[in-house]
Amino acid sequence: MEETQTDAPTDAPAAAPKEAATPVVTDAAGKPRKPHLYLVDGSAYIFRAYHRLPPLTNPHGTPVGAVYGYTTMLWKLAQDLDDAEGPTHLAVILDKASQSFRHDLYPDYKANRPPPPEDLVPQFPLIRDATRAFSLPCIEEEMLEADDLIASYARAATRKGWDVTIVSSDKDLMQLVGRCEEPDDGVEGGCIDMLDTMKNARIDIPEVEEKFGVRPEQLGDVLALMGDAVDNVPGVRGIGPKTASKLINEYGTLEAVLAAAPGMKKSKMQENLIEHADMARLSRELVQLKEDCDLPMPLEEFELDGIPPEPLAEFLSSHGFTSLLKRLGAGAGSPSRPTDLNPAKVVNGSAGAQGTPGAQRQPLPEWPAVDLDAYECVQTVERLDAWIARAHAAHAVAIDTETSSLDAMRAELAGVSLALGPNDACYIPLGHGSDDMFDEKPAQVPMDVAIAKLKPLLEDDAVLKVGQNIKYDINVLARHGIAMAPVEDTMILSFDLDAGRGGGGIGNAHGMDSLAETHLGHTTLTFKDICGTGKKQILFSAVPLDKATRYAAEDADVTWRLWKVLRQRVTDEGAARIYEHVDRPLIPVVAGMEREGIKVDRDRLASLSAEFGGQCDTLEKEIHELAGEPFTVGSPKQLGDILFEKMGYKGGKKGKSGQYSTDQSVLEGLAAQGADLAARVLDWRQLSKLRSTYTEALQQAINPRTGRVHTSYSLVGAQTGRLSSTDPNLQNIPIRSESGRRIREAFVAEDGHVLLSADYSQIELRLAAHMADVPPLKEAFANGEDIHARTAREMYGEVTRDTRAQAKTINFAILYGISRWGLAGRLGVEADEAQAVIDRYFERFPGIQRYIVTTLEKVRETGYSETLFGRKTHFRNINSKNQAERQGSERAAINAPIQGTSADIIKRAMVRMLPALADAGLGPNKDGGGVRMLLQVHDELVFELPEGDVAAASPIIERVMAEAALPSVALDVPLGIDIGSGKSWGEAH
DNA sequence: TTATTCACG
DNA sequence: GACGTACGTGAATAAG
């Protein structure tokens, strides 16, 4: 579609005859042409380009994705010079980052607008560079927004009889579309239209009418009524685009609507119209474009008279835009679009074509209620083909798999549901019917046929697959040979928006049932409703098809709706940076790690189990003897009674349940007083824990099919952004105690392979030193010093065993939000002495105190904390009247930015790791060679690789981890990485 | 189902 | 004057 070649023999995209400027513009054939001014809305463009284009970086590491998009757009426009509709004059208009007269009208104007993403900021000046490289004029004025300059230039040009095209898709500017001017001297008047270069669509009167239902000259009134959340134009509450255009169509103008309001039928809307009439009038002023600005540069200077190739070539090469550079050298040809556009955006632009009118901006009120009877059960190949064809056309499909198990590595596929829009969903049963050969199986498309049909759709780069926890579906489908991509996940969208907010519902805050309730006001069927619970629970494949269709298709339908709602919010609320650049790309990476699994030595676990079990038995007998009676050692209640009632030890503390506490610190206290029984119980507890939680459970966890243990990571498990691990939890395998450490020896590599462990050393303290700006700590890290020793030196002037240990305790206490009592407990001193230690720490490191104060101020005000990469964590109780609750939130809020930034960094490393290894020829291959990433334990990554590849892989792993914050964040401290390898995980440490 | 305890970072 | 004492997790167990 962009193959329109110019026939101009040029070495630049568009080189008009390079002659002295003449008042008459000529076309390629030398015929006079009516001037046509193109006004490019540069600022708006780069925001859109940023969100649509991949995060490219130039050779200097500067992000340039948006600049690249901008450059190709200018190239394309300049190319159109010889087109009858193309530009004869062109200028780029930019917003100057400052106040405008609208802020005087309404101080909150644009107050809601989130700051631009951090990797977009460095691209703003580059936009000017790019414009200059094309030798095009670039206009920006203090106190004026780009829209006003564009309006003023457009009017000035049409008065001269020029045609004008505004290159933008801004709805405010659409007010100008179709404006024509009859100039005084009788020359033919000029008209205004718009061009959306991303959709390659002209916007004229019919397009505006279609979008807003009113003529462009009425649009200002509609915009005033509906308001604008992004610019914070208030509008009238409860009135969206549909209602606004209906009202304007009915009454003609905003003033007429407001005047008629008292006589309208009583309704919430009518009340709002009366109550917010002033807001509507103010909004009208805010959306009014200023058309009489002074023009900083006369129109004539915008004439396109050839683009000198040298500065352009220099610009292109300095940013590594080699394909454009090649075209420039080759003389002609249009710049191509980058191939890997985010399909989500393509879909957003064309959603209206699928019979979901108005499903873009404010979808909620437009959608019909969920209708369980609207869904189709797909039982023939013909119907399956039809759904697949429609999904291809829609470019986005919500998908959900129904299976026999929550464990993706063991689950049997029962069916797949798809949704293309509200109530536009189906269920494709594939494994229904019991195994009883006398039962009649329902008609179904055979599994292998359906898989073969679905595979091209689910692997198509141009079709986005949307799921709720789609990592699960990826892994189920991977076992049927389908590598589903690209994907989006409504659960993760919700997490990146609302972590810590609790979602509103009970239970899993980001689970579908609670999301449907909060965002759609809809109560979904639950799995329990369909399959029952407990002993009577049945497999999904045994559910009758009509019931199964209602449940499964509803899930896909709801997922589709949630996606529309949440995806818009992610863009609007500034969560796109963390979602697009960290969490979304992590999905397939973590899915892959889960499928890899890790080998454990069953025999070794079994013998450890036996050993621990034997020791427990011996201890138990001794304990009963010491107690003078048999009792359940594992019962804290019975143990408490024995110790504090029967044996009369002092120091029993009762909790709120009226029970004595018998936790580790209590038993250690008793043991120190010589209570043998307490000491034995401590040993018993340790061994019993190791046996039941690890040596026994891990044997059960070995997958019979793969012979390995596959954990499941939750990407939304921890409020701070950390992963969590379940079934089994491989993030809490023992290491601190000697007998615990032996369990790690059972995690092993395949023959000829080794396990390699790479972990960030002291990453949270390093981040604290950076974020709180603590020069001595930064210096210590830069020099590779022992950080706790340095802290001791700073605080006490000398480093001894004692002062270092105390410094270490304080360093950690700081990360967790300290209290004098907490520290006193840890240090074994009185609270006032602990307070003195804290004071001393703050005195030596005032940055830390500053960090705590400013972090809490921000959280109290906004309700959330943020990591260096923009991940938000909300704290509902930060202003609670309940002191305990509030202080708990404060401690968590101090910790969250640090723990969360650390989580962001290792996630970024994980996303980059396998591509970096593959680039070095160390990618996984079919015969078990190459490096496989198996586990993540918060600050550690575990790999399995051929013994001979350790030397080649280690420096790459180290570099990717050490540089994971770049280019988005440049830390003041180096990130240290410790690497080790061996036949087992224990050995690798 | 809830509380307690303890494994990890 | 009482509150409850370090952040973030998941699993097993006893007992209601």
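Predicted model: local features only at pLDDT ≥ 70, side-chain atom pairs only at ≥ 80, totals over all residues.
Helices here are DSSP runs of H or I with at least four residues, strands are runs of E with at least two, and both are numbered from the N terminus. Helix α33 itself covers residues 820–827, and its buried residues are Leu 823, Ala 824 and Leu 827. Looking down the axis of α33, these fall within an arc of 105°, so they line one face of the helix; the arc is that of the directions from the helix axis to the C-beta atoms. As a rule, an α-helix has 3.6 residues a turn, so residues three or four places apart point the same way. On the face of α33 turned away from the buried side sit the exposed residues Trp 821, Gly 825 and Arg 826. "Buried" stands for under 20% relative accessible area and "exposed" for over 50%, with partly exposed in between (1.4 Å probe, protein chains only).

Another helix pair is α29 (residues 763–771) and α36 (residues 883–919), which pack at an angle of about 115° with their axes 9 Å apart. The axes are lines fitted to C-alpha atoms over the stretch in contact, and angles run from 0 to 180 degrees between N-to-C directions. From α29, Ile 763, Glu 764, Leu 767, Ala 768 and Met 771 meet a set of α36 residues including Pro 897, Ile 898 and Ile 905, contact being heavy atoms within 4.5 Å. By class, this contact of α29 with α36 has seven nonpolar, four polar and one charged residues (Ala, Val, Leu, Ile, Met, Phe, Trp, Tyr, Cys and Pro count as nonpolar, Asp, Glu, Lys and Arg as charged, and the others, Gly among them, as polar).

Over in strand β5 (residues 192–196) lies Asp 193, which counts as buried because its relative accessibility is 11%. Its side chain makes a polar contact of 3.2 Å with that of Arg 202 (a pair of N or O atoms within 3.5 Å, one able to donate a hydrogen and the other to accept it). Leaving aside residues up to four places away in sequence, Asp 193 also touches Val 164, Ile 166 and Asp 204, among others.

Chain A as a whole has 38 helices and 22 strands, and 52% of its 989 residues count as buried.

Residues are numbered from 1 along each chain as its sequence is written, and chains are lettered from A in the order in which they are written. Local features need pLDDT of at least 70 and side-chain atom pairs pLDDT 80 or more, while totals for chains, interfaces and linings use all residues, and side-chain values use heavy atoms, with hydrogens and water left out.
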